[in-house]
Amino acid sequence: MDHTSLLKAKCGKSYGKLAALKNPEVEEFVARFVEHCSPDRVFVCGHSKAEEDYIRRRALETGEEILLAVKGHTAHWGGLTDQGRDTKATRLLVPDGWDLGELKTLPREEGLSEVLGYLKDSMVGREMLVLFFTLGPKDSVFSIPCVQITDSYYVAHNEVILYRPGYGTFKKLGEKAGFFRFVHSVGVLENGVSRNTDRRRVYIDLEDETVYTTNTQYGGNTIGLKKLAMRFAIQRAAREGWLCEHMFVLGVHGPKRRVTYFVGAYPSACGKTSTSMIKGETIVGDDIAYLRVVRGKVRAVNVETGLFGIIADVNSRDDPTIYKALTTPREVIFSNVLVDETNTPYWIGKDGDCPPKGRNHSGEWYPGKKDAEGNAITPSHKNARYTIGIGELDNKDRLADDPKGVEVGGYIYGGRDSDTNVPVMEALDFAHGILTMGAAIESETTAATLGQEGVRTFNPMSNIDFLSVPIGRYVKCNLDFVERARRPPKIFGTNYFIRGRDGKYLNGKDDKRVWVRWMELRVHGDVDAIKTPVGLIPRYEDLERLFKYVLGRDYSKAEYEEQFKIRTLELLAKIDRIEVIYRERVPDAPKALFKALDDQRKRIEKAREKHGDYILPAQLA
Ligand code: SPV
Ligand code: MN
């Protein structure tokens, strides 16, 4: 059958939606995968309310989601072994002759033949959904059109919440829509979950800007527009001189109603969403940002329009805004939580007690339940998630959907570091920040990826899992990005995870509310700072005032000294580790990086000779 006849036969009434786009490339793409995956029928979504409601309804009818007690709330479970991004099964497919250094690649032809083999006839008996979105706001220099094909109503439902509808954009652009493509099939299901997770694959074809993913349901592996699209955006950005970053975008409210925007890169599960949701400030986005220099200014947009956030430890005290949103009627998908017999979700760290039994990602759950290896199964998975539109939150920033983006005053780099960096500091200049903070992020691994937790790993700009250009080139792109900017943003490093000698965290959970206000004042030159060998740190008197003003509490000198002492031995050890990594693993590392590390080492050694191993701020003031 020719492609048009095939599409007409399978799409039925919805074929008109495809034809109206007048884009042969889209038709060709859809037809190829209709032929290959053999769905019973195809639903082309024009993203009207009725069409999106059809996806919501089918997610319930097929059992991919269940209704919960609160109106608008639904729950979904993936299998026990399908609860995080599978970094092992995720590969960049590269043509002959491409060298991406240590990034996980596979020869393109080999990868295609393997994954297309798994996708062959994968949708027999099912409906294929064809969805249109844009990454970034519509009608903006930032936006990128995307087509998602999936046989999962749950994946489609997530995307409807998380991304801006793009059908109108495709219609407007016609043949000019240079779009990213995503093909996903859950594969064979058993009790509603992907059965053949040993054949789970997430293959990213860099040449065709097409992702193929199968035998998995977890959002980070299946929601094409989230982490998978980042690979293509990073490639385009490196070519065109802009950036795609694993960053939140936050409006910080300073004196006299001033709003200063920050972008922040933290590895997964290191406080990124909670920083973007900080009390008293306003959120633009929590996970992925595009940055461009427009007329001399660095501007950023949220690529998404919703949150796929970690739910563990969300409670009414620490995260009041999100807690309220998650416990009141509105559209929310809960993934991999415990649901009790009253159809109420429970997650680790929620207010109140854990129900005595319920259903979770392991099936029927009861306290003490163990997996095949004898490990306890927690009531909700540590990486359980909620999906919610930012429009549902009380703290959405007023410029969150502005097609021009927001002007960036500062970058923040954070990690999970128990013994080295102070809670907040400012880089000596832009290059110093990129090279000694962003490019030097190390973090202890978390439940957001499959595998062992708590291992210190190198994660430049928190973006290593999503890179598609060699690391050295990526670092260089970050350095060069501001060449056309009149005033580069200030760069800050934060560390919420520093511990004292007794092993206790030195930061209170709310302290980051003070750190962001201090950074806001620094962007405008409203407070002075103390110069240390590694960056500029706050003065006690400024923090004392901010703690009182923002948190209404006293902040002692002893607390300050414990948090902000300069730990020269740990800092020197970190430089050694980072230098070795770049020498051994990053053949294209920029020379400026080694120079920045070396200069920093010399500054630390000099200070150490004069003041000792641990230096109090007052000794440097
Ligand atoms: C992360 O792990 O960084 C996330 C969730 O934001 S995922 O969709 O899995 O990437
Ligand atoms: Mn993320």
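Contact here means heavy atoms within 4.5 Å. Helices are DSSP runs of H or I with at least four residues, numbered from the N terminus. This is a predicted model, where local features need pLDDT of at least 70, side-chain atom pairs count only at pLDDT 80 or more, and totals for chains, interfaces and linings use all residues. Residues are numbered from 1 along each chain as its sequence is written, chains are lettered from A and ligands numbered from 1 in the order in which they are written, and side-chain values use heavy atoms, with hydrogens and water left out.

Let's start with H1 and H3. In this contact, His3, Leu6, Leu7 and Lys10 of H1 meet Glu27, Glu28, Val30, Ala31, Arg32, Val34 and Glu35 of H3. Sorted by class, that gives five nonpolar residues, one polar and five charged (Ala, Val, Leu, Ile, Met, Phe, Trp, Tyr, Cys and Pro count as nonpolar, Asp, Glu, Lys and Arg as charged, and the others, Gly among them, as polar). Two packed helices are described by the angle between their axes and the distance between the axes. Helix H1 spans residues 3-11 and helix H3 residues 24-37, and they pack at about 70 degrees with axes 10 Å apart; the axes are lines fitted to C-alpha atoms over the stretch in contact, and angles run from 0 to 180 degrees between N-to-C directions. H1 and H3 are therefore roughly perpendicular (65 to 115 degrees; under 35 is roughly parallel, over 145 roughly antiparallel, and the rest oblique).

Next comes the ligand. Around ligand 1 sit Arg85, Tyr218, Gly220, Lys226, Lys227, His246, Ser268, Asp287, Phe308, Arg385 and Ala448, each with a heavy atom within 4 Å of it.

Phe430, Ala431, Ile434 and Leu435 of H12 touch Val475, Asn478 and Leu479 of H13, a set with six nonpolar residues, one polar and no charged ones.

Finally, H14 (residues 511-523) and H15 (residues 540-551) pack at about 120 degrees, again with axes 9 Å apart, which makes H14 oblique to H15. The H14 side supplies Asp511, Arg513, Val514, Trp515, Arg517, Trp518 and Leu521, while H15 brings Leu543, Leu546, Phe547, Tyr549, Val550 and Leu551. That contact counts ten nonpolar residues, no polar and three charged.

Technical notes: Helix = DSSP H or I, 4+ residues; strand = E, 2+ residues; numbered from the N terminus.
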